[in-house]
Amino acid sequence: MVMTAPRRPLELRAFDEPRPAVGGAVLETVASEVCGTDVHLHHGRLGGVPYPIIPGHVSCGRVLETGGTLHDVEGQAIAPGQLVTFYDVFGICGSCWHCLVAKAGTRCPHRRVYGITTSADEGLLGGWAERIELKPGVRIVPLPPGLSVEDFMGGGCGLPTGFHAVARAGIELGDTVVIQGSGPVGLNAAIFAQLRGAARVFVVGAPQARLEVALGLGAEGVLDLGLVPRAEDRVAWVRDRTSGRGADVVVEASGNPAAVLEGLEMVRDAGRYVVVGQYTDAGDVTLNPHRHLNRRHVTLLGCWGYEYTHLHRSLAMMAKHRGRFRWAEMITRSYGLDGAGQALADMEKLAVVKAIIRP
Ligand SMILES: [Zn+2]
Ligand SMILES: [Zn+2]
């Protein structure tokens, strides 16, 4: 399923059966996600996207064929028939200034992402297809024993992204955490905040169906943006629950620039604030450096993408805690390839928590 250009209908196309390059592999796709990023891609809100593209960056599949013997990072051989996912980012060079000096792999200028910065002209480099070509060097990750495709896809890219944001946030045992946004990133952040030791997690978001999921995942309280439309009332709601101080940690996972100012009002003095939801440029906000930053003595962090370690560790945590947190239940609906356009529309309306494509 090809996204030929922004705002154009998706197009079903036929491709030649791929063969793996040496060091690469071909997967038979089992499922691929539909996420907010795909909606942004369809609106042309991301720069540097080489349309036409095959969307679908986080996916699961069965290994059909490998180009020689491949191993996972634990040293285990990858076998045909195995159910795997893969780190959707490739090309991180390990030898540039960002990789070596700053140790900021997600800012490596050579970094590329399946289904986002890969053109359909280069091959089957996205998950909304019956086959996925894994280029040499792409890290294959076998699904841990006991984890189903639905578990993994219910987490989707929100799993390692939420994990990364929580790792950045440096949550301490007993902290009170506010998550702004109840999409997959926010919900996964709510999960990992608890696993990281937060005593109380609150989620501010919409619509109600997503907030119900947040409550089911252990949030102590949720605030519906639709019912409380004024930012100052939402800030007061957080302060009412924190003896007037504000939360120890706030994670922004909403995508709305205005949420950043609001979050800076929700965090306590000397607290920490992580911005992970502004994946596209949705506009500017004006803040007061004295009140919001300096006097507040706040730590403000951005969080871009995720590294292999976040995928690896978040999967291990999912395998351990899938009984407590029902990731699979976040999947509201599955679509065939020909339903991808509908899936995008449903995702845009927030009619689904998590949507997946089963080619
Ligand atoms: Zn690099
Ligand atoms: Zn995604």
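Mentor: Let's start with burial: buried means under 20% relative accessible area, exposed over 50%, and partly exposed in between (1.4 Å probe, protein chains only). By that rule Cys35 and Cys157 are both buried. This is a predicted model, where local features need pLDDT of at least 70 and side-chain atom pairs count only at pLDDT 80 or more. Residues are numbered from 1 along each chain, and side-chain values use heavy atoms.

Trainee: Which residues are the protein donors of the zinc ion (ligand 2)?

Mentor: Glu33 (OE), Cys35 (SG), His57 (NE2) and Cys157 (SG), lying 2.0 to 2.4 Å from the zinc; donors are N, O and S atoms within 2.8 Å of the metal (3.2 Å for Na, K and Ca), with water not among the atoms.

Trainee: What makes the Phe192 and Trp327 pair tilted?

Mentor: Rings of Phe, Tyr and Trp (its six-membered ring) pair if their centres lie within 6.5 Å; planes under 30 degrees apart are stacked, over 60 edge-to-face, the rest tilted. These two have centres 6.4 Å apart and planes at 40°, so the pair is tilted.

Trainee: How do you know whether Trp327 is buried or exposed?

Mentor: Its relative accessibility is 1%, so Trp327 counts as buried. Phe192 is buried as well, at 3%.

Notes
Chains are lettered from A and ligands numbered from 1 in the order in which they are written.
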